[in-house]
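Please look at the sequence and the structure together before reading further. The paragraphs below then lead from the whole chain to its individual parts.

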Amino acid sequence: MISFIGNGNMGKAILGGILSTPEYRPEMITVSDCNQEGLEETRKKFGVGVTTDNKEAAQKADILLLCVKPQILYSVIAEIRDVVNEECLIVSIAAGQSMDQIEAAFGREMKIARVMPNTPALVGAGMSAIATNLYVTGEEYQTLGEIFGSFGKTEFIPEHLMDAVTAVSGSSPAYIFMMIEAMADAAVAAGMPRAQAYTFAAQATLGSAKMVLETGMHPGALKDMVCSPAGTTIEAVKALEESGFRAAIMNAMQACVEKSKSL
């Protein structure tokens, strides 16, 4: 049995991914949350069991996904720790909260996985980083890969890289959305209708990302392919460099890393 505590967007994205695979059926899953209206919507959409009782969800779980914010993670653990089976695999998606901290909150040795997914999981294009402690078995390791691979790509990493993951994939959709918005604004300023501008900017971003992933080429080499001598693209690249484009991105990501460390 798989239980979710938390019924937010990320939890529902994970739930939808799980149910898209033949291994899991709605009757194998329970979702707990304090919002009864939201739970009812989830029940109607996915056909899963729902409850407002976190203990009920935790008690029956073989895999328990804690899909809650860092600010309430430990109050949830305090509520459920006495009813969780010792063989249960605990999966946390809370940023900045280490596996040692989570295990300490349970007050005993536990199987812990820490995962950082991102919002493109909502459209089946997520990127998830997974770290596990030493109690997680090889079979459970494989199961985690299947669960989080059901709505995008996954990578297993050492936990000390998780703050970097937060910056490079967990939070980065916000940076990309800002870039798409700015590109569209510039296209609108040049006379293009706004809806069309968003389509052009978003598809160019999607296609560029696919080229990096599918060709295996260095992003700099792909950039050079677009930059004809004395052409329009190199003029744009020059303007970006003069504005500190790369430094701005790197500074933003470093700020994200530092914030993640401080949570």
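What follows is a guided reading of this structure, which is a predicted model.

The whole chain comes first. The protein chain contains 12 helices and eight strands. Its C-alpha trace spans about 70 × 40 × 30 Å along the principal axes. Of the 263 residues in the protein chain, 40% are buried. Among the contacts with a separation of 6 or more, 60% are between residues 24 or more positions apart.

Which residues of helix H5 (residues 99-106) are buried? They are Met 99, Ile 102, Glu 103, Ala 105 and Phe 106. These residues lie on the same side of H5, because they cover an arc of only 155° around the axis. Asp 100 and Ala 104 are exposed, and they are carried by the face of H5 turned away from its buried side. The packing partners of the buried residues are helix H4 (70-80), strand S5 (89-92), strand S6 (111-116) and strand S7 (126-132). Just after H5 comes Gly 107, with a positive phi of about 75°.

In sequence Ile 112 is 10 residues apart from Ile 102, while their C-alpha atoms are 7.8 Å apart in space. Leaving aside residues up to four places away in sequence, Ile 112 touches several residues, including Met 99, Ile 102 and Glu 103. Leu 89, Ile 90 and Ala 131 are also among the residues that Ile 112 touches.

The loop between S5 and H5 holds Ser 98. Is Ser 98 buried or exposed? Its relative accessible area is 19%, so Ser 98 counts as buried, the limit being under 20%. Apart from residues up to four places away in sequence, Ser 98 touches Arg 114 and Glu 159.

Arg 114 and Glu 159 are themselves joined: their side chains meet in a salt bridge, at 3.0 Å from N to O. Glu 159 lies in the loop between S8 and helix H7 (162-170) and Arg 114 in strand S6, so this pair ties together parts that are 45 residues apart in sequence. Arg 114 is buried, with a relative accessible area of 5%, whereas Glu 159 is partly exposed at 24%.

How many salt bridges does a search of the whole structure find? The search finds 11 salt bridges. Another of them joins the side chains of Glu 214 and Lys 210, at 2.7 Å from N to O. Both of these residues lie in helix H9 (residues 194-215), four residues apart, which is about one turn of the helix. Glu 214 is exposed, at 58% relative accessibility, and Lys 210 is partly exposed, at 41%.

The rings of Tyr 141 and Phe 156 are stacked, because their centres are 3.9 Å apart and their planes stand at 20°. This pair links distant parts of the chain, since Tyr 141 is in helix H6 (residues 138-149) and Phe 156 is in strand S8 (residues 152-156), 15 residues apart. The rings of Phe 148 and Phe 151 have their centres 5.8 Å apart and their planes at 70°, so this pair is edge-to-face. Phe 148 is buried, at 1% relative accessible area, and Phe 151 is buried at 2%. By contrast, Tyr 141 is partly exposed at 37%, and Phe 156 is partly exposed at 29%.

The last stop is on the surface. A nonpolar patch is formed there by Ile 176, Met 179, Met 183, Leu 240, Phe 245 and Ile 249, with about 440 Å² of accessible area together. Helix H8 (172-189) and helix H12 (245-262) are the elements that give two or more residues to this patch. The largest share, three residues, comes from H8. Ile 249 lies in helix H12 and is partly exposed, at 35% relative accessibility.

Technical notes. Residues are numbered from 1 along each chain as its sequence is written. This is a predicted model: local features need pLDDT of at least 70, side-chain atom pairs count only at pLDDT 80 or more; totals for chains, interfaces and linings use all residues. Side-chain values use heavy atoms; hydrogens and water are left out. Buried means under 20% relative accessible area, exposed over 50%, partly exposed in between (1.4 Å probe, protein chains only). The arc is that of the directions from the helix axis to the C-beta atoms. Contact means heavy atoms within 4.5 Å. Patches are made of residues with over 30% relative accessible area and no salt bridge: like charges are joined within 9 Å, nonpolar side chains (Val, Leu, Ile, Met, Phe, Trp, Tyr) within 5 Å. Accessible areas come from the Shrake-Rupley method with a 1.4 Å probe; for residues, only the protein chains shown count as cover. A salt bridge is a side-chain nitrogen of Lys or Arg within 4 Å of a carboxyl oxygen of Asp or Glu. Rings of Phe, Tyr and Trp (its six-membered ring) pair if their centres lie within 6.5 Å; planes under 30 degrees apart count as stacked, over 60 as edge-to-face and the rest as tilted.
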